[in-house]
Amino acid sequence: MAHDDTAVPKTAALFDAGPDRWGLRGDPHVWQALRDTLSGTDLPASADAVARLLRATFEELVEVDLSAEPAPHVYRERYAHGGMVHPDT
(Lines give C-alpha, C1' and ligand atoms only; values in the text may rest on other atoms or scores of the structure.)
Protein backbone atom coordinates (compact mmCIF):
# COMPACT_ATOMS: atom_id res chain seq x y z
CA MET A 1 0.00 0.00 0.00
CA ALA A 2 1.37 3.39 -0.99
CA HIS A 3 1.65 6.07 1.68
CA ASP A 4 0.63 9.59 0.69
CA ASP A 5 2.76 12.16 2.52
CA THR A 6 0.83 15.10 1.05
CA ALA A 7 -0.23 17.40 3.86
CA VAL A 8 -3.94 18.09 3.90
CA PRO A 9 -4.65 21.79 4.42
CA LYS A 10 -6.49 22.65 7.64
CA THR A 11 -9.69 24.66 7.64
CA ALA A 12 -8.15 27.10 10.12
CA ALA A 13 -5.93 28.39 7.29
CA LEU A 14 -9.03 30.17 5.93
CA PHE A 15 -8.75 32.47 8.96
CA ASP A 16 -5.08 33.39 8.58
CA ALA A 17 -5.91 36.74 6.99
CA GLY A 18 -8.80 38.57 8.59
CA PRO A 19 -11.14 41.07 6.98
CA ASP A 20 -9.90 44.61 6.32
CA ARG A 21 -12.52 45.85 8.77
CA TRP A 22 -14.92 44.27 11.23
CA GLY A 23 -18.69 44.78 11.45
CA LEU A 24 -18.97 44.69 15.25
CA ARG A 25 -16.43 44.62 18.06
CA GLY A 26 -17.16 41.00 18.96
CA ASP A 27 -16.45 39.76 15.42
CA PRO A 28 -12.65 39.38 15.76
CA HIS A 29 -13.19 37.20 18.83
CA VAL A 30 -15.59 34.93 16.95
CA TRP A 31 -13.09 34.83 14.05
CA GLN A 32 -10.37 33.65 16.43
CA ALA A 33 -12.72 31.11 18.05
CA LEU A 34 -13.52 29.69 14.60
CA ARG A 35 -9.82 29.48 13.78
CA ASP A 36 -9.01 27.79 17.09
CA THR A 37 -11.92 25.35 16.82
CA LEU A 38 -11.05 24.36 13.25
CA SER A 39 -7.27 24.21 13.79
CA GLY A 40 -7.12 20.42 13.51
CA THR A 41 -9.91 19.97 10.96
CA ASP A 42 -8.94 19.02 7.41
CA LEU A 43 -10.21 21.40 4.74
CA PRO A 44 -13.22 19.74 3.06
CA ALA A 45 -12.85 18.91 -0.63
CA SER A 46 -15.78 20.95 -1.93
CA ALA A 47 -16.87 24.56 -1.45
CA ASP A 48 -20.32 23.36 -0.33
CA ALA A 49 -18.77 21.18 2.36
CA VAL A 50 -16.62 24.10 3.54
CA ALA A 51 -19.69 26.34 3.72
CA ARG A 52 -21.63 23.72 5.71
CA LEU A 53 -18.73 23.23 8.13
CA LEU A 54 -18.25 26.96 8.67
CA ARG A 55 -21.96 27.56 9.19
CA ALA A 56 -22.32 24.66 11.63
CA THR A 57 -19.23 25.71 13.58
CA PHE A 58 -20.39 29.34 13.73
CA GLU A 59 -23.86 28.31 14.90
CA GLU A 60 -22.35 26.13 17.61
CA LEU A 61 -19.86 28.74 18.85
CA VAL A 62 -22.30 31.66 18.81
CA GLU A 63 -25.27 29.53 19.90
CA VAL A 64 -27.45 30.81 17.10
CA ASP A 65 -29.59 29.14 14.44
CA LEU A 66 -28.96 31.25 11.35
CA SER A 67 -32.06 29.91 9.60
CA ALA A 68 -34.35 30.73 12.55
CA GLU A 69 -32.93 33.94 14.05
CA PRO A 70 -33.23 36.88 11.66
CA ALA A 71 -31.53 39.33 14.07
CA PRO A 72 -28.77 41.36 12.40
CA HIS A 73 -26.61 40.95 15.52
CA VAL A 74 -26.66 38.98 18.74
CA TYR A 75 -25.08 39.52 22.14
CA ARG A 76 -23.01 36.70 23.57
CA GLU A 77 -21.20 37.26 26.86
CA ARG A 78 -18.18 35.16 25.83
CA TYR A 79 -17.50 37.48 22.86
CA ALA A 80 -18.45 40.67 24.69
CA HIS A 81 -15.14 42.44 24.60
CA GLY A 82 -16.86 45.76 24.07
CA GLY A 83 -19.27 44.72 21.33
CA MET A 84 -21.72 42.33 19.75
CA VAL A 85 -21.40 39.62 17.08
CA HIS A 86 -22.61 40.19 13.54
CA PRO A 87 -23.90 36.90 11.99
CA ASP A 88 -23.44 38.21 8.41
CA THR A 89 -19.69 38.81 8.77
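Biologist: Is Ser 39 buried, exposed or partly exposed?
Modeller: This is a predicted model, and in it Ser 39 sits in the loop that lies between helix 1 and helix 2. A residue is called buried under 20% relative accessible area and exposed over 50%. Ser 39 has a relative accessibility of 44%, so this residue counts as partly exposed.

Biologist: At what angle do the axes of helix 1 and helix 2 cross?
Modeller: The protein chain has two helices and zero strands, and helix 1 covers residues 27–37 while helix 2 covers residues 47–62. Helix 1 passes helix 2 in a right-handed crossing. Their axes come within 10 Å, and the crossing angle is roughly 115 degrees.

Biologist: How many residues of the contact of helix 1 with helix 2 are nonpolar, and how many are polar or charged?
Modeller: From helix 1, the residues Val 30, Ala 33, Leu 34 and Thr 37 take part, and they meet Leu 54, Thr 57, Phe 58, Leu 61 and Val 62 of helix 2. Sorted by kind, the residues of this contact are seven nonpolar, two polar and no charged.

Biologist: Within what arc do the buried residues of helix 1 fall?
Modeller: The buried residues of helix 1 are Asp 27, Val 30, Ala 33 and Leu 34. Seen down the helix axis, they line one face of helix 1, because they fall within an arc of 120 degrees.

Biologist: Why would buried residues with such a spacing point the same way?
Modeller: An α-helix has 3.6 residues a turn, so residues three or four places apart point the same way. In this model, the buried residues of helix 1 pack against helix 2.

Biologist: What is the relative accessible area of Glu 63?
Modeller: Glu 63 is placed in the segment after helix 2, and its phi is near 55 degrees, a positive value in a residue other than glycine. Glu 63 is exposed, and its relative accessible area is 55%.

Biologist: What share of the residues of the protein chain counts as buried?
Modeller: The accessible surface of the chain comes to about 6,100 Å², and 53% of that surface belongs to carbon and sulfur atoms. Of the 89 residues in the protein chain, the buried share is 25%.

Key:
Residues are numbered from 1 along each chain as its sequence is written. This is a predicted model: local features need pLDDT of at least 70, side-chain atom pairs count only at pLDDT 80 or more; totals for chains, interfaces and linings use all residues. Side-chain values use heavy atoms; hydrogens and water are left out. Axes are lines fitted to C-alpha atoms, for helices over the stretch in contact, and angles run from 0 to 180 degrees between N-to-C directions. Helices (H or I, at least four residues) and strands (E, at least two) are DSSP runs, numbered from the N terminus. A crossing is left-handed if the near helix is turned anticlockwise from the far one by less than a right angle, and right-handed if clockwise. Contact means heavy atoms within 4.5 Å. Ala, Val, Leu, Ile, Met, Phe, Trp, Tyr, Cys and Pro count as nonpolar, Asp, Glu, Lys and Arg as charged, and the others, Gly among them, as polar. Buried means under 20% relative accessible area, exposed over 50%, partly exposed in between (1.4 Å probe, protein chains only). The arc is that of the directions from the helix axis to the C-beta atoms. Accessible areas come from the Shrake-Rupley method with a 1.4 Å probe; for residues, only the protein chains shown count as cover.
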